[in-house]
Amino acid sequence: MSGALISSQGLSRWYGPVVGVNDLTLEVEGGIVGLLGPNGAGKSTFLKLVAGEIRPSRGTLAVLGFEPFANREYFRVLGFCPQQDALYEDLDAREFVSFLLRLSGFNAKEARARAERALERTGLKDAMLRRTAGFSKGMRQRTKLAAAIAHDPRFLIVDEPLSGLDPLVRSEMIALFQELGREGVHVLISSHVLHEIESVTENILLLHRGRLLAQGPVPEIRKLLSRYPNKVDIRARDARRLARALLELEGTSSVHLAPEGGRLSLETFDLARFHAELPAIAARERAGIQTLESTDAGLDAVFDYLVG
Amino acid sequence: METLGILGLFARTQLVRSLSLRRSWLVYAFTLLPSLVALVIATHSRRNNAEAIATNLSWFVFLQVVVPLVTLLQGQAVISREVEDRTITYLFSRPVSRPAMFIGRSLGALAFTLLLLLAGAALLLFVASHGSGGKEPAPDHFPLAPILSDGVVLPLFAAVALGAVAYTLIFAALGVFTKHPMILGLAYTFALEGFFANLPGSNQALAIQYYLRSWIAAKGSDAWGRLEGVNMIDFESPGKVLLKIGLVALVALALGSWRIRRKEFVLSA
């Protein structure tokens, strides 16, 4: 048994002729991991496999050393917050979470106490006695999350947890994921909105058409993409003079001056050299740099590059 | 949690949810229908006496239509409603025995159909008894229906209970095996059972209705014997009826439990 959180060998899953996940071989060490990919990339299929909801068509999958499908021992340490916006509408939030806690083996009193704590943690303390049928999207998401964390799982899977939420709820959810990560809970979060994941973790799995496109910290992945130049935006008092000097720097592939002036976009294959040389060049040319932004160090750029 | 505790929890939640008028209004409506028909007949037709109304409606409407329909609506929903509502994910990602979940839910549904159908049968007898004249109270009468003898009332209650047990559990198992249990359940109830019931000889024993008829033929009063179809074929003894209905129930629970253990329910997002 490997010590990895998730380990798969040739993992495939198809639905009739439709391929969900195709020949996926990977090891994920743990912590907070983002699962990224456009719609149809295979994220949901992968999550369902990892959550033990469906079986692999081919290959093997182990999560925390368990084969996930219908494995009750695994479900003791798993918290799963599914994507579908479905709750037991005739129950209030506390009843909903308590019921699922009873299924996790807690007695009625303990289940109720844990449900209240979890709902308080997800910011639903004041609404816990209201029927979920009247809940907003954000409240429903918080209820699902409370149910997923109430039994103190070692591993939490959250499928598209931030989609459709307002900025305040979103930032609260992100803070909660980070807090869970600090507490030692492994968290696997899926999203097709790249900046959402980037705000939670740098550690990502990138899926595309059912295959693993990339894995690891965003900056490391970025380094692997040496055939793509790094883009840097600079605002400077004398952008034209600076552009001319930077064009002569080794590794620079292009420099574009914005028509309105005062701003330039540079592409370089050697970002380290650029950052090392820039202060001296700026001083020599008296360019007066105001802002500097590495626009594609972010996940959006990595993703765009990788999926072409 | 112990398996018995899980069974009880699922049975209780299933029963409570089934009692909701919003979820089960159609089931309540079907159950009330024979009583409404009885009321209309008793009010408008002076030729019919209480026994005739009670036995005819019980046999041709309640046992052959209402019991299968109500149990189909409730039984097939034991699992398929969770799939339709996309809430089954919550149950299947918890450390509970899937067979215990299925059996608990099925028993909860059975408790509901038993309660409802027995209450519906009692109401039908009450309406038939009070809405028509022609007879003095029977000496061994049922309290709710003073004109009807125990020989009319008790076999009906027993047949309703036997039908509820067999059909509810068959349809609960059907809901695990197929994506369209309603369609298959309707086909079974109104095509297959009818076909079996009209086959010659012992082939009739393939239909649940055969055992309900058998019970009524063996335990019922003469009022039942006057109905077409009740006394025309060979019947099973009451002991064998109980045994076979019990076996059907156990086999349905076992098959449903076996299937659900490894079944995938693929939900769309």
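Read along the sequence, chain B follows the pattern α-α-α-α-α-α-β-β-α-α-α-α-α, with helices (H or I, at least four residues) and strands (E, at least two) taken as DSSP runs numbered from the N terminus. This is a predicted model, in which local features need pLDDT of at least 70, side-chain atom pairs count only at pLDDT 80 or more, and totals for chains, interfaces and linings use all residues. Residues are numbered from 1 along each chain as its sequence is written, while chains are lettered from A and ligands numbered from 1 in the order in which they are written.

**Overall build of the chains**

- Chain A contains 11 helices and 13 strands, and its C-alpha atoms fill a box of roughly 75 × 45 × 35 Å along the principal axes.
- Of the 308 residues of chain A, 43% count as buried; a residue is buried if 20 or more other C-beta atoms, placed from the backbone, lie within 10 Å of its own, exposed if 12 or fewer, and partly exposed in between.
- Among contacts in chain A with a separation of 6 or more, 66% join residues 24 or more positions apart; two residues are in contact if their C-beta atoms, placed from the backbone, lie within 7 Å.
- Chain B has 11 helices and 2 strands, and 48% of its 269 residues count as buried.
- In chain B, residues 24 or more positions apart account for 76% of the contacts with a separation of 6 or more.

**The six-stranded sheet of chain A**

- An open sheet of 6 strands in chain A has the order 5-6-7-3-8-9, with mixed pairing; strands pair if DSSP finds at least two bridges between them.
- Strand 5 and strand 9 (211–217) of chain A stand at the edges with a single partner strand each, so one side of each lacks a neighbour in the sheet.
- Neighbouring strands of this sheet are turned by 15 degrees against each other on average, direction ignored.
- Strand 6 (residues 155–159) and strand 7 (residues 186–191) of chain A pair in the parallel sense over 5 bridges, and Val158(A) stands opposite Ile189(A) in strand 7.
- Helix 1 (residues 43–50) of chain A packs on the sheet, where it touches strand 3 (32–36), strand 6, strand 7 and strand 8 (203–208) of chain A, and its direction makes about 150 degrees with that of strand 6 of chain A; axes are lines fitted to C-alpha atoms, for helices over the stretch in contact, and angles run from 0 to 180 degrees between N-to-C directions.
- Helix 5 (residues 137–149) of chain A lies across strand 5 and strand 6 of chain A, running at about 170 degrees to strand 5.

**Strand 3 of chain A**

- Strand 3 of chain A is largely enclosed by the rest of the structure, because 5 of its 5 residues are buried.
- Both faces of strand 3 of chain A are covered, with Ile32(A), Gly34(A) and Leu36(A) buried on one side and Val33(A) and Leu35(A) buried on the other.
- Strand 3 runs parallel to strand 7 of chain A, to which 5 bridges join it; Leu188(A) in strand 7 is the bridge partner of Val33(A).
- The pairing of strand 3 with strand 8 of chain A is also parallel, over 3 bridges, and places Leu35(A) opposite Leu205(A) in strand 8.

**Helix packing in chain B**

- Helix 7 (residues 150–177) and helix 11 (residues 238–262) of chain B pack at an angle of about 20 degrees, with their axes 8 Å apart.
- That angle makes helix 7 of chain B roughly parallel to helix 11 of chain B; angles under 35 degrees count as roughly parallel, over 145 as roughly antiparallel, 65 to 115 as roughly perpendicular and the rest as oblique.
- The crossing of helix 7 and helix 11 of chain B is left-handed, meaning that the near helix is turned anticlockwise from the far one by less than a right angle, whereas clockwise would be right-handed.
- The residues in contact include Leu162(B), Leu169(B) and Val176(B) of helix 7 and Val241(B), Val248(B) and Arg259(B) of helix 11.
- The residues of this contact of helix 7 with helix 11 of chain B divide into 17 nonpolar, 1 polar and 1 charged; Ala, Val, Leu, Ile, Met, Phe, Trp, Tyr, Cys and Pro count as nonpolar, Asp, Glu, Lys and Arg as charged, and the others, Gly among them, as polar.
- Helix 7 and helix 8 (residues 181–197) of chain B pack at about 140 degrees, with their axes 9 Å apart, which makes helix 7 oblique to helix 8 of chain B.
- Helix 7 of chain B passes helix 8 of chain B in a right-handed crossing, and their contact is made by Phe171(B), Leu174(B) and Gly175(B) of helix 7 and Pro181(B), Leu184(B) and Gly185(B) of helix 8.

**Contact between chains A and B**

- The contact takes 25 residues from chain A and 22 residues from chain B.
- Helix 2 (72–77), strand 5 (78–81) and helix 3 (93–103) of chain A each supply at least two residues of the side of chain A that touches chain B, and helix 3 provides the largest share, 4 residues.
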